[in-house]
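Please look at the sequence and the structure before reading on.

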Amino acid sequence: MPDEELHLSAGDARLTVNAATGRVANFRLGDIEVLRTGARFGSFPMAPWCGRMRNGELRWEGTTYQLPRTAEPHAIHGTVRDHPWEVVERSETILVLAQQLREPWPFRGRVTQSFDLAPDSAAFRMTVESASDPFPAQVGWHPWFQRRLTPTGKDVEIDFTPGWQEERGADYLPTGNHIAPLPGPWDDCFGMPDGVRVTLTWPETLRLTITSPTRWVVVYDLPPETVCVEPESGPPNGLNTTPRPVTPANPLEADMTWRWHSLA
């Protein structure tokens, strides 16, 4: 499996992508590392589903497919981070990676993700294509942002205005009910019908805004050292509850953009 690290740079911004996982391993602005780093951190792609899938079961067109229960008793975060990616295009500021969907996913297809770095922004795109039979799919991104950017810095502040919160059951999956947004801390999915917009502010240091045309975002800020803001094309277990079919003529595409400016 390749473990090559692919580097993008624009101005003071540096983005490092690991080809083995398609994961952003590092995101630096000058001397500041914005992401928590390490094997399970950074920012990784989620496809062909996001979040937890109840009991690892995918129900589609009258058939139930069993997927590995990677977060017992559920399956979690898709399969693409577990397989190497092919480099399709590469320059100083742009990177395009692709991989074929494979077992344990039961359908043939292809996932492509792109990264486009500028001095004050980073644009991400992911596409899922079917090679033959229709299947449901989701895409999303799972960044682990540092709660504090410096040892003495203040905790990040999260600002967003969701339209609703997906009520979370005891199994951490949406019950199907929409409720008024509750105060944090969160490990919760929110609906943003006009598109995701979440601003992270590290006081006196940095402000970063995450936007996406997707309509769902998971916010996870329970860990003491990190905050996750995850734009997703559907809610957890959504392949079964709100399936979006992918066909050869109708791929699934989604975008996410980070924009930032210094507060120092």
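## The largest cavity and its chain

In this predicted model, the largest cavity is lined by Gly22, Val24, Ser43, Phe44, Pro45, Gln113, Phe115, Phe124 and Trp141. By class, this lining comprises six nonpolar residues and three polar ones, with no charged residue. Two elements, strand 5 (43–46) and strand 12 (109–118), each contribute at least two residues to the lining, and strand 5 contributes the most, namely three residues. The space in the largest cavity amounts to about 30 Å³, and a search of the whole structure returns one cavity of 30 Å³ or more.

The protein chain itself contains one helix and 25 strands. Its radius of gyration is 18 Å, close to the 18 Å that the globule rule gives for 264 residues, so the chain is as compact as a globular protein of that length.

| Property of the protein chain | Value |
|---|---|
| Span of the C-alpha trace along its principal axes | about 55 × 45 × 30 Å |
| Buried residues | 52% of the 264 residues |
| Accessible surface | about 11700 Å² |
| Part of the accessible surface belonging to carbon and sulfur atoms | 47% |

Key: Residues numbered from 1 in each chain as written. Predicted model: local features only at pLDDT ≥ 70, side-chain atom pairs only at ≥ 80, totals over all residues. Heavy atoms only, no water. 1 Å grid on protein atoms, 1.4 Å probe; cavity = no way out; pocket = protein on both sides within 12 Å on 5 of 7 lines; lining within 4 Å. Points joined across faces, edges and corners; volume = space filled by probe spheres on them. Helix = DSSP H or I, 4+ residues; strand = E, 2+ residues; numbered from the N terminus. Nonpolar A, V, L, I, M, F, W, Y, C, P; charged D, E, K, R; others polar. Rg over C-alpha atoms; globule rule 2.2 N^0.38 Å. Buried < 20%, exposed > 50% of the residue type's maximum accessible area, 1.4 Å probe, protein only. Areas by Shrake-Rupley, 256 points an atom, 1.4 Å probe, with all protein chains shown as cover.
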